[in-house]
Amino acid sequence: MAQFAASYNTSEVIDMVYPNIRTLREDRDWSQEYVASQISVNRRTYSGYETGNRTLPPEVLIQLAALYQTSVDYLLGLTEHPTPYR
C-alpha cells in the first residue's frame with residue numbers, strides 16, 4: 001500500500017475512484033438526491049463523496065456497493081469488473 005500511496009497524489013486517486021460512483025449513478029439515471037436517500041445521507045454529503053471533497057467512509061462504500069450491486073473493489077478502482085463477487 002505504501003507503494004500505491006507513493007506513486008499517486010491525492011487528486012489522482014480521487015480521479016480514479018470517484019468517477020466510478022458517479023458513472024454508476026448516471027448510468028441508472030438516478031439523481032444525487034435519490035442515492036443520498038438510499039444510503040441515509042443528505043444530498044450535499046453525497047455530492048461531496050462524488051466530487052472527492054469528502055472521504056467515503058467504509059460503511060458508505062459497502063452501502064453503495066450493495067445499492068449498485070457491485071463490489072467495493074470496483075468502487076475503489078481496484079478492478080475493472082463491476083460484477084460483484086459470489
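**Close-up 1. Tyr68, a buried ring.** In this predicted model, Tyr68 is buried, with a relative accessible area of 2%, where buried means under 20% relative accessible area, exposed over 50% and partly exposed in between (1.4 Å probe, protein chains only). Local features need pLDDT of at least 70 and side-chain atom pairs count only at pLDDT 80 or more, whereas totals for chains, interfaces and linings use all residues. Residues are numbered from 1 along each chain as its sequence is written, and side-chain values use heavy atoms, with hydrogens and water left out.

**Close-up 2. The aromatic pairs.** A search of the whole structure finds 2 aromatic pairs, a pair being rings of Phe, Tyr and Trp (its six-membered ring) with centres within 6.5 Å, counted as stacked with planes under 30 degrees apart, edge-to-face over 60 and tilted for the rest. The rings of Trp30 and Tyr34 are tilted, because their planes stand at 55 degrees, with the centres 5.0 Å apart. Trp30 is partly exposed, with a relative accessible area of 22%. The rings of Trp30 and Tyr68 are stacked, because their planes stand at 20 degrees, with the centres 5.6 Å apart.

Close-up 3. Ring pairs link Trp30, Tyr34 and Tyr68 into a cluster. Arg28 lies over the face of Trp30, at 5.6 Å from the ring centre; a charge sits over a ring if NZ of Lys or CZ of Arg is within 6 Å of the ring centre and within 35 degrees of the ring normal.
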